[in-house]
Amino acid sequence: MIRPAPCSASGLFAAALLLGIPSPASAANAPGSATVNLYKPLLLAKTTDMDFGSMFPPASGTGTIKLDPNGGATVYTGIAAAGTSPTTRAVFTGQATRLSLVFLQLPAGSITLTRVGNPGDTLTANNFTIDSAGALRIVGTASYTIGVGATLSVPSTAVGGTYVGSFTLTANYF
C-alpha cells in the first residue's frame, strides 16, 4: 500500500521551486480610477401650437402670413386678417444636462396643411425659424424654451375652412 507523503509549508515551497514557479519577492498595489459622464435624457415637449389665425384669401395671386419666432408682430403680405383672431408662434420647452450643447433642427423644406373634411385642399408653410441660433449652450439652468415661427402661403384659389398640418422640432445633444 502506498501512503501519501505528508505535506508541509516548506515541502510545498520546495515543490514550487522545483517546478519553476517563482515566489513573490514583494507585492505592490496601485490604485486606479474610473469615471463616467452621465447625461440626463434630453426632454422636449410642445407647450403651444402654431396658429396662423383667421384671414381672408387674397383677391388674386398668393398672400403670406409670417409668424415671428420671438413672439413679435405677425407680418401679413397681400392678405387680410379676419377680425381679431390671434396668431401664435409654436413654443416648446425642454430639459438637458447643465453645460451641454443642444442642437435644434426644424424642417428644411415645407409642410402641407390639409383642409379638415377635404384632404384635396392644401396650403403650404415653410421658412421655419427659431428664436435662437439653432444651438443652445445649457449653462445656468437645465431648462430651456424655444419659439418657432414660419410663413404660410395662401393662394387666391384657397377654399374656406380649417387647415391642419404638423412639423417636427428635433433636439440633439452634442
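Me: Hi! Is aspartate 49 buried, partly exposed or exposed?
Reply: Aspartate 49 counts as partly exposed, because its relative accessibility is 49%, and the cut-off for exposed is over 50%. Keep in mind that this is a predicted model.

Me: Which residue does aspartate 49 form a salt bridge with?
Reply: Its partner is lysine 46, and the closest N and O atoms of the two are 2.8 Å apart. Lysine 46 is partly exposed too, with a relative accessibility of 47%.

Me: How many salt bridges does the structure hold?
Reply: There are three. In general, side chains of opposite charge can pair when their charged atoms come close.

Me: OK, what does arginine 89 pair with?
Reply: Arginine 89 makes a salt bridge with aspartate 131, with 3.4 Å between the closest N and O atoms. Arginine 89 sits in the loop between β5 and β6, and aspartate 131 in the loop between β9 and β10, so this pair ties together parts that are 42 residues apart in sequence.

Me: And how accessible is arginine 89? What about aspartate 131?
Reply: Arginine 89 has a relative accessible area of 24%, which makes it partly exposed. Aspartate 131 is also partly exposed, at 27%.

Me: Which residues form the salt bridge at 2.7 Å?
Reply: That one joins the side chains of arginine 115 and aspartate 121. Both of these residues are buried.

Me: Let's switch to the overall fold. How many helices and strands does the chain have?
Reply: The chain has one helix and 13 strands.

Me: How much of the chain is buried?
Reply: Of the 174 residues, 24% are buried. As for the accessible surface, it comes to about 11400 Å², and carbon and sulfur atoms account for 58% of that.

Me: New topic: how much space lies in the largest pocket?
Reply: About 620 Å³. It is lined by 27 residues, and the closest to its centre are Phe52, Leu113, Leu152, Tyr163 and Val164.

Me: Which strands supply at least two residues of that lining?
Reply: Those are β6, β8, β9, β11 and β12.

Me: And what is the lining made of, by class?
Reply: The lining has 17 nonpolar residues, along with seven polar and three charged ones.

Definitions and conventions: Residues are numbered from 1 along each chain as its sequence is written. This is a predicted model: local features need pLDDT of at least 70, side-chain atom pairs count only at pLDDT 80 or more; totals for chains, interfaces and linings use all residues. Side-chain values use heavy atoms; hydrogens and water are left out. On a 1 Å grid over the protein atoms alone, a cavity is a set of points where a 1.4 Å probe fits but cannot get out, and a pocket is an open set with protein on both sides within 12 Å along at least five of seven lines; lining residues have an atom within 4 Å of a point. Grid points are joined across faces, edges and corners, and a volume is the space filled by probe spheres set on the points. Helices (H or I, at least four residues) and strands (E, at least two) are DSSP runs, numbered from the N terminus. Ala, Val, Leu, Ile, Met, Phe, Trp, Tyr, Cys and Pro count as nonpolar, Asp, Glu, Lys and Arg as charged, and the others, Gly among them, as polar. A salt bridge is a side-chain nitrogen of Lys or Arg within 4 Å of a carboxyl oxygen of Asp or Glu. Buried means under 20% relative accessible area, exposed over 50%, partly exposed in between (1.4 Å probe, protein chains only). Accessible areas come from the Shrake-Rupley method with a 1.4 Å probe; for residues, only the protein chains shown count as cover.
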